[in-house]
Amino acid sequence: MTKKAKTRKLLLLLAALTMVLSACGGKNSPSSSTAGTPAKTEAGSGDTIKVGVLHSLSGTMAISEVSVKDAEMMAIEEINASGGVLGKQLEPVVEDGASDWPTFAEKARKLLSENKVATVFGGWTSSSRKAMLPVFEELNGLLWYPVQYEGLEQSPNIFYTGATTNQQIIPAVTWLLENRGKKFYLLGSDYVFPRTANKIIKEQLAAEGGELVGEEYTSLGHTDYSTIITKIKEAKPDIVFNTMNGDSNVAFFKQLKDAGITAQDLTTLSVSVAEEEVRGIGADVLAGHLAAWNYYQSTDTPANKTFVDNYKKKYGQDRVTADPMEAGYDAVYLWAAAVEKAGSTDVDKVKEAAKELEWDAPGGKVKIEGETQHLYKTVRIGEVQSDGQFKELWNSGEPVKPDPYLKGYSWASSASSGN
């Protein structure tokens, strides 16, 4: 090949390369902003804002998490119908955590790295949250976690819209000691939330005059409770404090009834059984049993009437609302309000704008506590009725300040030292 031919070939290759680079630039290329299309420098700088919705839509936790997803999707639709956020429509990207904690971490990374979502609403179990936490901290993402948990955690990349321990478990134990008896049997699923919660409960019982007469854990999805029910009969507790999650609750309560033990014979109080689980287990099985939450479908506020009416209109009159659903619904609205206040979806700007934000939620007024990124929440203890709803027996009267590390309890120094 002559020198002239080599030069011509080189020029042709350079021209082709220039065309390829130009085609690859597209509207996502910063340089393309000069052609009238803005550069995407942060999530939501196009016509829509992508948000992640990550829950277990399959597996043992689906009985609880599908309805939370539904509530979050309804909030997104309502916000879009009212004009969106920063004048843009929210575009949900839904993923299934499949009741598997490594899958939650994998899907969280996908949502942040590939889908480029501005935030994620998701999780239920503490194992799922703890699996996702390092991903959100590494990538500086933002997770809104909607379920009550064991406390002893604070992350700059998580907003906790469910209760921490002093907004559910501790006041429930105190109420039970004052109203139902001193002997406690602790029954939980075998993972971080029940074990840490029960560690705290044992410290509280020792400090407040209670007695531990039994403690058992079963794997998530466990279905044979005959041996444990026999142990409960032998221990003769006044109260079974139940921290089990998922469809194990279906098996336990049905087998408890089959064993001839009713709510009149034995008080059980659950912290992960709400209206959605009552619907799945059966009100005839659960009537008379107790649960501690911050919200019930029966909570009497104007905002809740609208929330319940809209939810039933969208998903069916047979559907029910419940605490984690309300906390997920709150999370979407609180994030949207923080973005509007910040004028940006940038994570650091949104976190700053979210401090001390207040909202009239269906369960009553909530406020984001700036230091811990938990909510002030009203505590409620309710009894399951024959129609599947809860009759409220007690509430805290006002929203309780979150105390995830139990700094306000002198007896909790050992329990709060770690999990």
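Student: How many helices and strands does the protein have?
Tutor: The protein has 13 helices and 15 strands. Helices (H or I, at least four residues) and strands (E, at least two) are DSSP runs, numbered from the N terminus. Do keep in mind that this is a predicted model: local features need pLDDT of at least 70, side-chain atom pairs count only at pLDDT 80 or more, and totals for chains, interfaces and linings use all residues. Residues are numbered from 1 along each chain as its sequence is written, and side-chain values use heavy atoms, with hydrogens and water left out.

Student: What makes Phe252 count as buried?
Tutor: Buried means under 20% relative accessible area, exposed over 50%, and partly exposed in between (1.4 Å probe, protein chains only). Phe252 has 1% relative accessibility, so Phe252 counts as buried. Phe253 has a relative accessible area of 2% and is therefore buried. Of the 419 residues of the protein, 56% count as buried.

Student: Which residues of helix α8 are buried?
Tutor: In α8 (residues 248-258) they are Ser248, Asn249, Val250, Ala251, Phe252, Phe253 and Leu256. After α8 comes Gly260, with a positive phi near 85°.

Student: What makes a group of residues a nonpolar core?
Tutor: A nonpolar core is a set of buried Ala, Val, Leu, Ile, Met, Phe, Trp, Tyr and Cys residues joined through side-chain atoms within 4.5 Å. The largest one here holds 88 residues, and Trp144, Phe252 and Trp335 touch the most other members. Helix α12 (residues 323-342) supplies the largest share of this core, nine residues. A second, separate core of 21 residues includes Leu176, Tyr191, Leu205 and Ala292.

Student: Which residues does Phe252 touch, not counting residues up to four places away in sequence?
Tutor: Phe252 touches Leu187, Tyr225, Ile229, Ile232 and Met244. Contact means heavy atoms within 4.5 Å. For the protein, among contacts between residues at least 6 apart in sequence, 69% join residues at least 24 apart.

Student: Why is the pair of Tyr145 and Tyr149 called edge-to-face?
Tutor: Rings of Phe, Tyr and Trp (its six-membered ring) pair if their centres lie within 6.5 Å; planes under 30 degrees apart count as stacked, over 60 as edge-to-face and the rest as tilted. The structure holds 16 aromatic pairs. For Tyr145 and Tyr149 the centres are 6.3 Å apart and the planes stand at 90°, so this pair is edge-to-face. Both Tyr145 and Tyr149 are buried. Phe252 and Phe253 also form an edge-to-face pair, at 5.1 Å centre to centre with 70° between the planes. Elsewhere, ring pairs link Tyr295, Phe307, Tyr311, Tyr315, Tyr329, Tyr333 and Trp359 into a cluster.

Student: How do you know that the charged end of Arg129 sits over the ring of Tyr145?
Tutor: A charge sits over a ring if NZ of Lys or CZ of Arg is within 6 Å of the ring centre and within 35 degrees of the ring normal. The charged end of Arg129 is 4.9 Å from the centre of the Tyr145 ring and sits over that ring. Lys367 lies over the face of Tyr376, at 4.7 Å from the ring centre.

Student: Why is one side of β7 and of β15 left without a neighbour in the sheet?
Tutor: Two strands pair if DSSP finds at least two bridges between them. The open sheet has seven strands in the order β7-β6-β8-β9-β10-β14-β15, with mixed pairing. β7 (211-218) and β15 (390-395) stand at the edges with a single partner strand each, so one side of each has no neighbour in the sheet.

Student: What joins β6 to β7, and what joins β8 to β9?
Tutor: Seven bridges join β6 (residues 183-189) to β7, and these two run parallel. Leu187 stands opposite Glu216 in β7. Four bridges join β8 to β9, which also run parallel, and Val240 stands opposite Thr268 in β9.

Student: What makes Lys116 exposed?
Tutor: Lys116 has a relative accessible area of 54%, so Lys116 is exposed. Lys116 lies in the loop between α3 (101-113) and β3 (120-122). Its phi is near 55°, a positive value in a residue other than glycine. Most residues other than glycine have a negative phi.
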